[in-house]
Amino acid sequence: MAKPKLSVILPNYGTPADRFASYGSDSLDIFDMIDICAKQGVAKGVELLMGDSPICINQDNMKEVASALEGYGIEPIAILPITWGEDFIKGSLGNHDPKKRKMAIDLVKTAIDMAAEMDCPYVGQWPGQDGWDYYFEEDYRKLYDWWVEGLQELADYNPEIKLGIEPKPFEPRSYSFIDTPTKTLMIIRDVDRKNVGLTLDIGHSLYGHENLGSVVALAQRENKLFHLHMNDNYGEMDWDMPFGSVHFIGNVEFIYWLIKTDYQGWHSVDIFPYRTDPAETVLESLNWMQSMYDFVEKIGIKQLDEVIGKSDGIEMMRFFRKQIFG
């Protein structure tokens, strides 16, 4: 049985809020969430949000968090600095203000130091506020150069820590600067550092109308698919629904290409369980990931190779109808 490396962004165990309502009076802190993860026993790694909130890791609680994770045998797999918050409403590494760009670089360096101290291999960056809302608002060439130069500085700061860049088509900006995996790979190539790669949030690609299998195949040509955020949506918005709740055959192809290209990274639950029980929603996402791998393994890579070799959409439908319904 295939055993994908399953993980969760730890605050997913809490009850979220949006701009319309709070969906629960969640009093959980980071240690409560670690305890829930450990009791479920499915996710073997966690991503830690860096900040001052009780659900975050910071300099004050880092040693205690590390001790709790070690006690449960859970790996800290990623530190996530908040480079999209109030300090960076006009961008992080692409901010027009050089002081803000330095502030963002310093914040990510703090995350890198924390990751190194905790024996955590990865620091993720989601450039949510880097982009534009209006025409004639941005010098796109300068923005590109600032990002390349900033990532080079961060990569060189500690080459042992991997840096992942997570693209998203839009939100909160009308246009995200780093909007597609293809543009991300273009930037990664210009950065030209071994420790800089792609974090693929599959929901972002879905509502960017991308094919997940093709993204994996392209990114893995140069072994630049470093990390996965797993969720689902209807292709219009970043709903962050549980993995497997909407798409099926597309996800089967996605898993096939992960296996075919020997993806060795983690699969992290990244969801917003607004109206469902958070812990149960995380668990069901994790179980769907494992079940999807089991399904692909049961069919067999060789048989799926043959389906692709026929290049016939109706033959593909016939094949999967028989696999699913008998």
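## An exposed serine between two helices

At 68% relative accessibility, Ser311 counts as exposed, since the cut-off for that label is over 50%. You'll find Ser311 in the loop between α10 (301-310) and α11 (313-325). Its backbone is worth a look too: phi of Ser311 is near 50°, a positive value in a residue other than glycine. Most residues other than glycine have a negative phi. Keep in mind as you read on that this is a predicted model.

## Another positive phi, and a cis bond

Asp119 sits in the loop between α3 and β4 (122-125), and with 69% relative accessibility it counts as exposed.

Most peptide bonds are trans. The one joining Glu171 and Pro172, though, is cis, with omega at about 5°. Look for Pro172 in the loop between β6 (162-165) and β7 (175-176).

## Helix α1 and its buried face

Helix α1 covers residues 30-40, and its buried residues are Ile30, Met33, Ile34, Cys37 and Gln40. Looking down the axis of α1, those buried residues fall within an arc of 125°, so they line one face of the helix. What sits over them? The cover for the buried residues of α1 includes β1 (5-9), β2 (45-50), α2 (62-72) and α9 (278-299).

Both ends of α1 have something to show. Asp29 caps the N-terminal end, with a side-chain oxygen 3.0 Å from the backbone nitrogen of Phe31. Just after the helix, Gly41 takes a positive phi of about 70°.

## How α3 packs on α4

At what angle do α3 and α4 pack? Helix α3 (residues 98-117) meets helix α4 (residues 140-157) at about 30°, and their axes are 10 Å apart. That makes α3 roughly parallel to α4, and the crossing is right-handed.

On the α3 side, the residues involved are Arg101, Ile105, Val108, Lys109, Ile112 and Asp113. They meet Trp146, Gly150, Glu153, Leu154 and Tyr157 of α4.

Is Asn95 buried or exposed? At 6% relative accessibility, it counts as buried, because the limit is under 20%. Asn95 belongs to the loop between β3 (75-81) and α3.

The side chain of Asn95 reaches the backbone oxygen of Gly91 at 2.8 Å. Setting aside neighbours within four places in sequence, Asn95 is in contact with Lys90, Lys100, Arg101, Asp130 and Trp146.

Terms used
Residues numbered from 1 in each chain as written. Predicted model: local features only at pLDDT ≥ 70, side-chain atom pairs only at ≥ 80, totals over all residues. Heavy atoms only, no water. Buried < 20%, exposed > 50% of the residue type's maximum accessible area, 1.4 Å probe, protein only. Helix = DSSP H or I, 4+ residues; strand = E, 2+ residues; numbered from the N terminus. Arc of directions from axis to C-beta. Contact = heavy atoms within 4.5 Å. Polar contact = N/O pair within 3.5 Å; in protein donor to acceptor, adjacent residues only side chain to side chain. Axes fitted to C-alpha atoms, helices over the stretch in contact; angles between N-to-C directions. Parallel < 35°, antiparallel > 145°, perpendicular 65-115°, else oblique. Left-handed = near helix turned anticlockwise from the far one by under 90°.
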